[in-house]
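Look over the sequence and the model below.

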Amino acid sequence: MNRYYDVIVVGGGPAGIMSAMASGKSGASTLLVEKNGFLGGAATAAVLGPISPFHYKDEQVITGLPQDFMDRMVQAKGSTGHMKTLDPYGSGDSLGFYDREKYKFVAAEMLLEFGVDILYHSTLCSVEMQDNRITGITTAAKDGSRLHFKAHVVVDATGDGDVAVMAGENYVLGDAVQHKMSPSSSMFEMANVDTDRVFQYIFEHPDDFEFKSDIVPMREFDDRLKQKYFVGQGFKQLVSQAVEAGDLTFGRDSVIVLNGIHPNTMHFNATRICGKNPTDVTDRTASEIDGRRQIDSVSEFMIKYVPGFEHAFVSVTGSEVGVRETRHIEGLYTLTGTDAYEGRKFEDAVSRGYFPIDLHNPDGATGYGNGGVWMELKDTFDIPYRSLVPKHIDGLILSGRCISGTSEAHGSYRTQGGIMGIGQAAGAAAAVCARNQIQPRQADARDIQKVLDQLGGSYRRDEARTALEKARAREIAKAYIKSQNGRLITDPKILATYED
Ligand SMILES: Cc1cc2nc3c(=O)[nH]c(=O)nc-3n(C[C@H](O)[C@H](O)[C@H](O)COP(=O)(O)OP(=O)(O)OC[C@H]3O[C@@H](n4cnc5c(N)ncnc54)[C@H](O)[C@@H]3O)c2cc1C
């Protein structure tokens, strides 16, 4: 391993993977440092369900390396590719189911193909500074031994902005006023589920669900992953019965279920850990304990109360609690909720946002209707390069969920597609800085856009392609609806919009 790299990416989640791929593929010598012994960050370690859309109303907004990665996962029999949700409320316009073990494998293989060095089991423990510029990092292994590396640019893809904070950059924890954060969740899956009976229950109790949608395959994928895909949040009557009987204690009043990628499994985004600061290790420990209590309570509830779960068991839990939100690092430009909602465009666009502003209630029990926010955007918005550049620190580029944005803007760009697009842009920018031997604040966004063009990354709408994508999605959805002979859980009013 070299001790000097053009680019060091700290953190191997969806953002860090894309940053290191973009940097490596663009010719920069690149090291990726990760504290775990595998890649994927929350996507694998926290047992996430499907990748939320790369799409805005059927227009594919995230392209380039993130899509190459999805294609490789489909080839490896580890993904369905993007599927279309007939009703996007609550889930977004599409969902890409994936096998987390394939995710870890494919990501590492692609990085190695692009010449990236990977260093696992290494936690960032300090940064080397010359005045306000980061010139290197030191990592710690579990026995306390240290490795030191120098770099032209460091990319902070730690999610929490650990590199930037160690370098002394300003940040906001959670929202700017009360510093509350979207709750964390301990995710899990159950196996040996009769998913047809779960579907039937939702079908027969439509009013008991806040949202529900059938999910339509949009491309060929491996036979072993084929099943009826659907999503629903509710079981409210059963939840309230169980709470009354003392059989269920957890932080919300409904349960979201959707398929796991393997038949007869179901994925749960059902727990909610509120009022804890995930950057504080004692709070985080308490979150892990609380999360496991909630998993036990919810899974036992499912087995006792919900048809189809009688013989099910918890088959997977995360190796760590899933953390949605922590620090937002201060950059040259702070992206706001209004920028996202209004669909603002910027000259220095390096990626695009598209997901509704989805803020889970930081205080607890209720879903979207009361305390949480689900706000559709007027249009896609641009991610400006300036939001990836720290305000005061040189030698550093921000990637993933710690970029400069308010809590509300983060509520939109935080899902995997948005984060992967940002990750790709951060890696492209780092490669430009290394090639031209300049600081991130000196880089011209047009040079970064040229690199994104080479990688296939989108930062502007392509009207012709969008029209084709929309027409294709509608035709496939119409054919799917017809093929199901009325066995659909999507709201009939939404189904009617697919009629000619
Ligand atoms: C509960 C939950 C549910 C979600 N549901 C969905 C969903 O359904 N669909 C969807 O698309 N998205 C979902 N997301 C969002 C998705 O997880 C994030 O978009 C994504 O994981 C953020 O990527 P990231 O790379 O910025 O950060 P992370 O995924 O947090 O990755 C950070 C990486 O950095 C490493 N790291 C951190 N600190 C250090 C350090 N000091 N030294 C070395 N390594 C370090 C970590 O181990 C990790 O690998 C969900 C998130 C959560 C928490």
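Contact means that heavy atoms lie within 4.5 Å of each other. Phe188 touches Val47, Met266, His267, Phe268, Thr271, Ile295, Val298, Ser299, Val314, Val316 and Thr317, when residues up to four places away in sequence are not counted. This is a predicted model, where local features need pLDDT of at least 70, side-chain atom pairs count only at pLDDT 80 or more, and totals for chains, interfaces and linings use all residues. Residues are numbered from 1 along each chain as its sequence is written, and side-chain values use heavy atoms, with hydrogens and water left out.

Phe188 sits in strand E12. Helices (H or I, at least four residues) and strands (E, at least two) are DSSP runs, numbered from the N terminus. Phe188 is buried, at 0% relative accessibility. Here buried means under 20% relative accessible area, exposed means over 50%, and partly exposed lies in between (1.4 Å probe, protein chains only). From Phe188 to Glu408 there are 220 residues in sequence and 27 Å in space, C-alpha to C-alpha.

Ser182 is in the loop between strand E11 (171–173) and strand E12 (188–191). Ser182 is buried too, with a relative accessible area of 9%. What does Ser182 contact, leaving aside its neighbours within four places in sequence? The partners are Arg324, Glu325, Leu359 and His360.

**Two aspartates with positive phi**

Asp58 has phi near 75°, a positive value in a residue other than glycine. Its place is the loop between strand E3 (55–56) and strand E4 (59–60). Asp131 is not a glycine either, yet has a positive phi of about 55°. Asp131 is in the loop between strand E8 (123–130) and strand E9 (133–140). Is each aspartate buried or exposed? Asp58 counts as buried, at 17% relative accessibility. Asp131 counts as exposed, at 78%.

**Helix packing**

Axes are lines fitted to C-alpha atoms, for helices over the stretch in contact, and angles run from 0 to 180 degrees between N-to-C directions.

| Helix pair | Angle | Axis distance |
|---|---|---|
| H3 (residues 65–75) and H4 (residues 100–113) | about 120° | 10 Å apart |
| H1 (residues 14–25) and H11 (residues 416–436) | roughly 35° | within 7 Å |
| H1 and H4 | roughly 20° | within 10 Å |

Angles under 35 degrees count as roughly parallel, over 145 as roughly antiparallel, 65 to 115 as roughly perpendicular and the rest as oblique. A crossing is left-handed if the near helix is turned anticlockwise from the far one by less than a right angle, and right-handed if clockwise.

Take H1 and H4, whose axes cross at roughly 20°. H1 is therefore roughly parallel to H4. Their crossing is left-handed. Pro14, Ile17, Ala20 and Met21 of H1 meet Tyr103, Ala107, Met110 and Leu111 of H4. This contact has eight nonpolar residues, no polar and no charged. In this count Ala, Val, Leu, Ile, Met, Phe, Trp, Tyr, Cys and Pro are nonpolar, Asp, Glu, Lys and Arg are charged, and the others, Gly among them, are polar.

H3 and H4 pack at about 120°, so these helices are oblique to each other. H3 passes H4 in a right-handed crossing. On the H3 side the contact is made by Asp68, Phe69, Arg72 and Met73, and on the H4 side by Lys102, Tyr103, Val106, Ala107, Glu109, Met110 and Glu113. Six of the residues in this contact are nonpolar, none polar and five charged.

H1 and H11 cross in a right-handed way. From H1 come Pro14, Ala15, Met18, Ser19, Ala22 and Ser23, which meet Gln416, Ile419, Met420, Gly423, Gln424, Ala426, Gly427, Ala428 and Ala431 of H11. This contact has nine nonpolar residues, six polar and no charged.

**Cysteines**

A disulfide is a covalent bond between the sulfur atoms of two cysteines. The cut-off used here is a pair of cysteine sulfur atoms within 2.5 Å. How many disulfides does the structure hold? It holds zero. Cys402 is buried, with a relative accessible area of 0%. Cys433 is buried as well, with a relative accessible area of 0%.
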